[in-house]
Structure formats: structure tokens, C-alpha cells
Amino acid sequence: MSKKLIGSVIVAVVVIGSGLVWYRSSSNSIDSYEVVDGEVFNKTTLVGTVKANQDLDLGFEVSGKVAEVLVNENQFVEEGTRLISLNINDLLAQRTQAYANLREAQSSLKQQAQQVELEKTRLEDLKSGGSSQEIRVAETTVDLRKEELERAEKLLEEGLADNVRALESLIDETRITLDSSLNQALSSLYNLTDIQFAVYPQADSESVRVGYHKALAAEILVGIRDSERFRTQVISEAKGGLVEKLLNTDVNSSDQSLELLRELKSGLNEVSNAFLYFSLDDDVSEATRSQIESQKSIVASEIATLNNLEQRFLNTLRNNQSSETNLRSNVMVAERSLAQAEADLKRVRDGADDNDLRIQEIAVEQANSLLESREARVQFENGRIQSINADIQKRSITAPIDGTVVDLEIAEGEIVSLSERVVTLQAENDLLIEVDSPERYLRFLNEGQEVEVMLEAYPSDTLVGVVVRINKESSLTDNVPVFKVDIKLEPGDLDVRSGMTGDVVLTLEEAEGLLINNIDVIRENKETFVNVIKDYDPFTIEKRKVRLGVVGTNGMVEVLEGLSAGEEILVNGSND
């Protein structure tokens, strides 16, 4: 822009036909500038909010009681970090037993492999005949097999005794647990009844399901029927159902224990179902709501305890059966080995015939068959250990990505259900800024397009963003339809966080050509003009019609027709 001082006395001559005006002045300064080539941009800004591109809701593949919560909300964790774990004591006990079974199976496999080699050697000995040395060896083998049989029979006796003691111990524990859980079940039933009449003083359609499940629970626990609207005093006076069974039953067998466990668990499940069907209006007190939630947790804990005890029962029965089968199998093997050793001694002494050879060949085949069976058992026990380890893994939640812990919904000691969300992990350094775009700007937006982003927290820094998603459907903001647009950020070294706000700069139009200041444009009757300086002595301007193009947000406007590069434009107001 230049300022030029023009001559002495003001003289103005207007030539109507040409649109020329002459000025002379001894005091006024004239502001003007040359028309030059340049770039012009028409931009707008859209206000947006930073959010995480990826929020992972995490839960357990199994239900159980929370043992450890190892992280806090807003804590950053690396991929593979353990976040929350459930109680695994029962699985650890099963794994210990499985490892013991594996060791036993591996030992049996090793013994059977030796037995196969021994049977093969015997077959070769029969084919070659016996010497005095072989007779002595056969006699020694008979003595060894007798000792092995005695050991196997003793181990069977001790193993059966151990199995009985283990089952008796579990039955004793079950008696205690049944008494404790039944008392808790009755207490929860009484609480349920009190809450039922507090929330539903009169029978109505909303109370039907609560009463239905309460009646089922009462029938199981105390043997009273049709008790949908019975009060606590009536229910507490009943002495049938499980109460009567436990008073009159001497629980001394696994079948009785399992039957009573399952019946009590069924009663608790009905109590739990009744609590789930409470429909609470706003006038229900916080104390009542809290009592309902407390009872839900107590009942769920009791059900989990009974589930655990039932599983231990089944595992003990299975392990006892497996142990007895193995011990009896070892006795049978020892008996056959002794019989074979005695037969071998007889054959070595008396000499072998074709029938003896065939018998020994069959013995080799049987030994190989038993070897395959022992190998299969080793594989089975290995598979069981792998299965238990997989179940242990399911009881821990680990971070699948680097991220920040948000919405931690669980605490130690609580009961979680299958697939229940307990924590959300927000991806680290994977951020978007979400803006609401009016429909008039959609034609200027494309996926993959780069845009400028300026965050409120860092006003002097400009970030690069890439459009990654444009919603196909609109939503209403202040009753105006807008389309949500997600723009991926590259924050670099800046500490950009979810929830920050900022502006996304969107280029609507751009052009390259002759530029003038938009403020210097004269608009009359839908036409546009500028004052072009024709001469300085005398000072002469021409009001010239121009056709304009892109109007930039920086105050410049593109000239399509009417001006040439190098011409000078009078700044509006400079000669006022």
C-alpha cells in the first residue's frame, strides 16, 4: 500500500460518460495499492471435542467373585498388564490334583514301557531256550513280581482308605455349609417377605412375579405351599421342606450331600429371582433399595459357595474313581506280571513249545495295548491341565492394548456375571476430534482429506487432522440437523486428552489470480465496482465495473474481469 501526496487546490471534474473524476489537493493523502496475483482462501471453522478412537469394554468369560482389582481409574497401562482377577482357589486345587494324576500316569507309562521290553525279552528267551543262568534270573524275577504285587495291594488298600477319608471330610464340611447356607437362605426369605409387603402392601400385577418366586422358595426351604402373600411370621413357623430334611437326615453319603446341596441351591435361586423382579417407584426409600441390593449380593455369594462345594464334590468323586481304577489296574498288572513270571520260570525249566510261544506273543501284544492305554491317559491328564490353565486365564482380565483405565465398575469381593462389563480401556494416542457439520458444508468434506485443527489448550499450535468418518445420517443439535464427522489427530509431542475442545478449519473455496481488498469494492444494484487510479497529475480515478470470484476469509477477493495486474486501486475512504 502506498500513500501519495497530491497537488495544491482541490478541483473535481466529473465526466459522466467515462466515469472519470479528477482531484487536486494540497493537504490530503491518498492510500492505494497495486493489483497483484495471489492466493485467496474462503475458510470456516467447526467446533469439536476430542475423544478416543477406540474404547474397549472388558468383562470376564465366566462368573465369580472378584479377588483383586490391580488398577485405578485414569491409570495408564501397557498391553498385557493384568487389570482384574477372580478367585481361582478352586482351580488351583484342581490343577494340583491334575499334576499329581499326571505324575502317576507318567510313572505308570514308564513301568509299562519297561514291561513291554520285558515281555519281548521273554519271547526271545523262549525262542532260544533256557540255561541255568536264565533259570536263576527267572526265579529272581518271580520273587520281584511277588514283591511288586504286595506293594500294589498295599497301595490299593491305603488309596481306598484315603479316598474314604477325603469323601468323609467333604461330607462333614457339607453338613456345616448346608446349615449355614440354609440359615442365610431363611434370613433372606424373611427379608424378602418384609420388603415385599413394604413395597407392595396390596397385591397387584407388579407384585405377582415377586410373590410367585417367593412361594417357590418357601416351598423348597420350609415346605409351605401357596405362600405368595404369606407374612414372615407364618413362613417362619413352618418346619417342612429342607428344614425338616436337615433335622431328620443323617447326611453320610455323597448322594445325599449332592441332593441337599442342589435342592438348597434351587431355593436360593428362587429367592434371587424374587429380588430381581422388584419394580421400584420413586417413592421407595433409599434404605429399601439398599437392602434389596445387599440381599442380592448375599444370595449370589451363597449360590457361588454352593456351586463351588458341588464342583469340589464332583471333582473328588471323579478323582477317587480315577485313583481307585488306577490302583486296581496296578494290582491287576502286578498279578499278571507275577503269573507271567511264574509261567516264564516254568517254561525256562521245562522248555517252551509252540503253544508257549503263542501265549508269549499274545502277552507282548497285550503289553503293547496297555502301553497305548497308558500313553492315552498321560495325554488326557496333560489336556486336563491345559483346560484348567485356560479356565484360570479366563478369570483374569489383561489389557489388550496400551491405554487408560476408565469406568472401573467393580471392587474386590463383588460377584460378577458372565460377559458383564467391569472396566473400559481407552486407547492411548489414538484420538479423534468430533465435529457437527451443517449439511451445507458436507460437499467440502471427504474421507482421507487433511484439515487444520487448533485446540483451545494449545492456541499457538496447529495440528494436522485427517477425516476418517462422516456419518450417513443426521442428528439434531439445537433443532438443527447436523452430520457428525470424525477427524483423526496426530498430536505429536502435545499432551492431547479426551474431552479437550478445539476448532477444525475447513477450506470451502480457494483460488489463485488477481486479488484486491474486499473492503474496497463498491456494491450498487447487485453490481460491483472499484476506483482505479488513472493518473496522479492531475489526480484521476475511474469507477470501473468488475466481476468477482472467491471471497476470502482474510479480507481479499478474487477479480475475474475488469482489472489487470499492476493497476492501482484507491483505498475506500482514503480521500474522505
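Let's start with burial. Of the 576 residues in the protein chain, 40% are buried. Buried means under 20% relative accessible area, exposed means over 50%, and partly exposed lies in between, with a 1.4 Å probe and protein chains only.

A word on the source. This is a predicted model, where local features need pLDDT of at least 70, side-chain atom pairs count only at pLDDT 80 or more, and totals for chains, interfaces and linings use all residues. Residues are numbered from 1 along each chain as its sequence is written, and side-chain values use heavy atoms, with hydrogens and water left out.

Now the overall build. The protein chain has eight helices and 24 strands. Those are DSSP runs, numbered from the N terminus: helices are H or I with at least four residues, strands are E with at least two. The radius of gyration is 46 Å, while the globule rule gives 25 Å for 576 residues, so the chain is more spread out than a compact globule. That radius is taken over C-alpha atoms, and the rule is 2.2 Å times the number of residues to the power 0.38. The C-alpha trace spans about 150 × 85 × 30 Å along its principal axes.

Next, contacts. Contact means heavy atoms within 4.5 Å. Take the contacts with a separation of 6 or more: 73% of them join residues 24 or more positions apart.

On to the rings. How many aromatic pairs does the structure hold? It holds three. Rings of Phe, Tyr and Trp (its six-membered ring) pair if their centres lie within 6.5 Å; planes under 30 degrees apart are stacked, over 60 edge-to-face, the rest tilted. Phe-275 is buried at 1% relative accessible area. Phe-278 is buried too, at 11%. Another tilted pair is Tyr-536 with Phe-539, at 5.7 Å and 45 degrees. Here Tyr-536 is partly exposed at 21%, whereas Phe-539 is buried at 1%. There is also a cluster: Tyr-200, Phe-275 and Phe-278 belong to one aromatic cluster.

Last stop, Val-464. Where is Val-464 found? Look in strand E16, residues 463–470. Val-464 is partly exposed, with 43% relative accessibility. Setting aside neighbours within four places in sequence, Val-464 touches Glu-450, Val-451, Lys-488, Leu-489 and Glu-490. Gln-426 sits 38 residues from Val-464 in sequence, and the two are 22 Å apart in space, C-alpha to C-alpha.
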